[in-house]
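Q: I would like to go through this structure with you. Could we begin with the pockets?

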Amino acid sequence: MKKIIGKVSATENCPSTIDEFYFWTDKKQLLSPFDVIKVEHENSSITYGIVEEINHVTDAPSHFTSYISSDFGDISENIGNMNRLGMNYVKARVICNTENIYTPVLDSRQVSLCDEDDVRTALGLTEEEIKNPLVCGYLEMYKGEYAIKVKVILNSHFLIGPDGAHINISGISGLAAKTSYSMFLLNAIQQKFHLQSGETVAFVLFNVKGRDLMAIDEPNPELSINEKQIYKELGLQVNPFQNVRYYYPYGKNDNLQTYADPDDIKKQKKRNIAYTYKYSYEHSSDMIDLLLANEDDSTGTLESCVNYIINGEGDFNGIDKWRTLVAKIDECTKTGSSGGHKNEIQVASWRKFKRCVNKAINNDIFSNTVTDNEVELPQEIANHLKQGEVMVVDIARLDDNSQSFVFGSVTRAIYDLKLGASRDNIPDKVIIFVDELNKYASSDTPKNSPILKQILDITERGRSLGIILFSVEQFRSAIHERVKGNCATSAYGRTNAIEISKPDYRYIPKAYQNMLTRLSPGEYLISNPALRSLVNIRFPRPLYKQFPNG
């Protein structure tokens, strides 16, 4: 049943255009930004619009008139001496026309609410239009008896390739539920992607906060019946992640560098899904540059030292232990030493290099020996990363230098895996999830940072290799322009007014910008090439176990 709520109003100051139109409606009609409405147009076509602004106006020419009509400032509930005429008028943005007719809608045409099929048609969400569908949440529109809920599905090829790739999710800490939304999408991909496309996918997730992701294979006991029903309505099973393996950083005396509960780790090890990781020099010698990811090297002196060592020049050939490396570097720092071919690397440069290396490897994960019950992450990826599997790498308790090294070594190993094709069962897609992206790819990150170069390479060329980045940060404006510019999908959670004033939000209508300051957890604005407009989606709480600090 069609619900007519008003008529188009085209005035001299506010005309209808091919992009927008206005309509009036009753002042008691409940509408919200992002609600979709429709207008009958030429040749029996329908123009769909999305609500941007809602204004209320009366016949009072000024606020002083309103004051006088209330008996010169009577603030009681009485109406006053005059009952003012009032209405709401709404600005709507045109999002599509069923016959591709984009002439302005005409004055006095009736405006109606939409049903679920109308909303899908308006936003390009119909099952017929979307190939390779992937659920990314749901919409709630209108109030009262006309309220509707619409499942939002995207063409997965615009999220994880080949047509588009990568997603960037932003929002303030705690209230934006950035990790939760990332995990919602990743769980949906694990459940549906390989079934529908025939391609295979694997996941590498970095746990950077507390123990957020250290039990994603365990069900969430706090999930309500209503939330479980939402998952079923979205076509998803009420199951946490499957085929998960956890990797914890080594610590001396069995004191692993993690926030996870030791009893939980013991249970995981009994199930053969938990491992301790280290880095031996033997398998890390070609990654020394990652130790300097946070160092500014504008003159290239540190890079010269790295190349000298990696190429095995001088006395650096045949080194197999970290302590031997440090000893050889120490020799180069002594006055009169022959540092580099024909002394081309100055002693002062070696001394700076030594300080940086000592600071970087001052962590237990850099070990001279790796025992049988321990692993090295690059080798794990090269030999064991298979379709449908989820690797969770815990780096939450490591210092910044060690975090950068682990992140860089893992992403480099994934790149080498896809380029090398050294085995048959390599997943078609490998999705990398990282929170706090600002640590590795902010606008302030040194331009020579090898990790920044890797991230740029992934966002710019990873799509063709099947390497996809799911990135999360508090403030989108702080991220490197080329990283966020190459993310086909953007998700905006709750943020503050200072952040909204940045250029990243300039294209978002003012009313929607204001909404960003009051979004609730479980609510995001989504931009994707397959969508005809920004949409305000919602999603249920995660299916996996939550911790108090999560």
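Q: Which residues lie nearest the centre of the second largest pocket?
A: Asp254, Leu256, Ile265, Lys269 and Thr276 lie nearest its centre, and the lining of the second largest pocket has 19 residues. A pocket here is an open set of points on a 1 Å grid over the protein atoms alone, where a 1.4 Å probe fits, with protein on both sides within 12 Å along at least five of seven lines; lining residues have an atom within 4 Å of a point. The model is predicted: local features need pLDDT of at least 70 and side-chain atom pairs count only at pLDDT 80 or more, while totals for chains, interfaces and linings use all residues. Residues are numbered from 1 along each chain as its sequence is written, and side-chain values use heavy atoms, with hydrogens and water left out.

Q: Turning to charges, how many salt bridges does a search of the whole structure find?
A: The search finds 31 salt bridges, each being a side-chain nitrogen of Lys or Arg within 4 Å of a carboxyl oxygen of Asp or Glu. One of them joins the side chains of Lys91 and Glu20, at 3.6 Å from N to O. Lys91 is in strand S5 (residues 86-97) and Glu20 in strand S2 (residues 20-25), 71 residues apart.

Q: Is Lys91 buried or exposed?
A: Lys91 is buried, with a relative accessible area of 13%, and Glu20 is buried at 18%. Buried means under 20% relative accessible area, exposed over 50%, and partly exposed in between (1.4 Å probe, protein chains only).

Q: What does Glu140 form a salt bridge with?
A: Its partner is Arg538, with the closest N and O atoms 3.6 Å apart. This pair links distant parts of the chain, Glu140 in strand S7 (residues 133-141) and Arg538 in strand S19 (residues 535-538), 398 residues apart. Glu140 counts as partly exposed at 39% relative accessibility, and Arg538 also counts as partly exposed, at 23%.

Q: Which residues do salt bridges that share partners join into one network?
A: That network consists of Glu20, Glu52, Lys91 and Arg93.

Q: New topic: which residues of helix H4 are buried?
A: In H4 (residues 225-233), they are Glu227, Ile230 and Tyr231. These residues cover an arc of only 100 degrees around the axis, so they are on the same side of H4; the arc is that of the directions from the helix axis to the C-beta atoms. Ile225, Asn226 and Lys232 are exposed on the other side of H4.

Q: Finally, in which sense do S9 and S17 pair?
A: Strand S9 (residues 167-170) and S17 pair in the parallel sense over four bridges, where pairing requires that DSSP finds at least two bridges between two strands. Ile167 stands opposite Thr489 in S17. S17 is also joined to strand S18 (residues 523-527) by three bridges, and these two run antiparallel.
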